[in-house]
Amino acid sequence: MTQPTLLIRQQREAGLLVSVAPPQGGMTRTHFQAYRLKPGETLTGDEAGREAALVVLGGKCTVAAGSLEFRGVGTRRDVWEKVPPAVLLLPPATPFSVRAETDLHLAVASAPVSRGGVRAVRLVGPEEMVTEHRGEGQTYRYIQHLLPPASTLAESLILVEVYTPGGNWSSFPPHKHDTEDPPHESFLEEIYYYQIRPSGGFAFQRVYTDDRALDVACAPGDGDLVLVPRGYHPVAATPGHDAYYLNVMAGPTRNWNFRPDPVYAHLMNWQKPNV
């Protein structure tokens, strides 16, 4: 059986680095782009029909969105400072312009909505975000909830950052959220945007279903994307190389209800946070 291409490699070192849009990789709703801009360079856009989030992964910028302007937006030099980033939420069809004040690393995530989506342009800062230590031993990782399921600011998008030390596993035990069966499980497709430190290494990710109709293993490197249209999706960071990923999830509702792989469910050593 032919398997879909779920690993999207970063193509450039500057400008538009990597991009995905449905129906690529079986995705149905989640759009994502990552950029690196030099000081003075400008990015413009308009996510027609989709609510959007601009995530300032590193550096500072000035953002004009609708009739508003935000200057000096950004909280960290790069993702490895482990300070929650600034996130700008945009209602559908809001024109925006981003001008880099320093070297800028920016992610743009968007998803369609049916009930209007984000209600107003909103800058979300680190003080509104929740951090968490999850797992223990070889499953320990550090998490920053940028736009968690409990947030009322968005209709579709969920945003999370995860830091996994070299040699550890995350998104573990393997779990899935591909069936709309409340309150037991919800449908959320997912994108992983990776950074690796040192940059020459790689992570490991497997995406698979119970019947193995989907069963893909891949080794994302620095700047790569992995798409999870459905199925379980555990991650491992190779020894000697820490892994960071930005998770973008979107579905018909913003409920994060998941089912662990029964083979590994007994290894669940963390509780779903109320964030």
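Where does Gly 240 lie? It's in the loop between strand S23 (235–237) and strand S24 (242–250). Before the close-ups, a word on the model: it is predicted, so local features need pLDDT of at least 70 and side-chain atom pairs count only at pLDDT 80 or more, while totals for chains, interfaces and linings use all residues. Residues are numbered from 1 along each chain as its sequence is written, and side-chain values use heavy atoms, with hydrogens and water left out.

View 1. Strands here (E, at least two residues) are DSSP runs, numbered from the N terminus. Gly 240 counts as exposed, at 60% relative accessibility. For these labels, buried means under 20% relative accessible area, exposed over 50%, and partly exposed in between (1.4 Å probe, protein chains only). Leaving out neighbours within four places in sequence, Gly 240 is in contact with Gly 166, Arg 197 and Pro 198; contact means heavy atoms within 4.5 Å. Pro 198 is 42 residues away along the chain, with 8.0 Å between its C-alpha atom and that of Gly 240.

**View 2. The open sheet of 7 strands.** Follow the order S1-S22-S19-S24-S14-S13-S12, with antiparallel pairing. The edges are strand S1 (7–8) and strand S12 (130–134), each pairing on one side only. Two strands pair if DSSP finds at least two bridges between them. S1 and strand S22 (residues 225–228) have 2 bridges, and Ile 8 stands opposite Leu 225 in S22.

**View 3. Strand S13 and its partners.** 7 of the 7 residues of strand S13 (residues 141–147) are buried, so the rest of the structure largely encloses this strand. S12 pairs with S13 in the antiparallel sense over 5 bridges, and Arg 134 has Arg 141 as its bridge partner in S13. These two strands make a hairpin with 6 residues between them, and Gly 135 in the turn has a positive phi of about 75°. Another 5 bridges join S13 to strand S14 (residues 157–164), again antiparallel; there, Gln 144 is partnered by Glu 161 in S14.

**View 4. The open sheet of 4 strands.** This one has the order S4-S9-S6-S7, with antiparallel pairing. Strand S4 (42–46) and strand S7 (68–73) are its edge strands. Inside the sheet, strand S6 (residues 61–65) and strand S9 (residues 95–100) are joined by 5 bridges. Look for Cys 61, whose bridge partner in S9 is Ala 100.

**View 5. Gln 205 and its surroundings.** Gln 205 sits in strand S20 (residues 203–208) and is buried, with a relative accessible area of 0%. A polar atom of its side chain lies 3.2 Å from the backbone oxygen of His 233. Not counting residues up to four places away in sequence, Gln 205 touches several others, including Tyr 192, Tyr 194, Val 216 and Cys 218.

**View 6. Trp 169 beside Phe 172.** Rings of Phe, Tyr and Trp (its six-membered ring) pair if their centres lie within 6.5 Å; planes under 30 degrees apart count as stacked, over 60 as edge-to-face and the rest as tilted. The count comes to 12 aromatic pairs. In the pair shown, the ring centres of Trp 169 and Phe 172 are 5.7 Å apart with planes at 55°, so the pair is tilted. Trp 169 is partly exposed at 32%, whereas Phe 172 is buried at 13%.

Notes: Polar contact = N/O pair within 3.5 Å; in protein donor to acceptor, adjacent residues only side chain to side chain.
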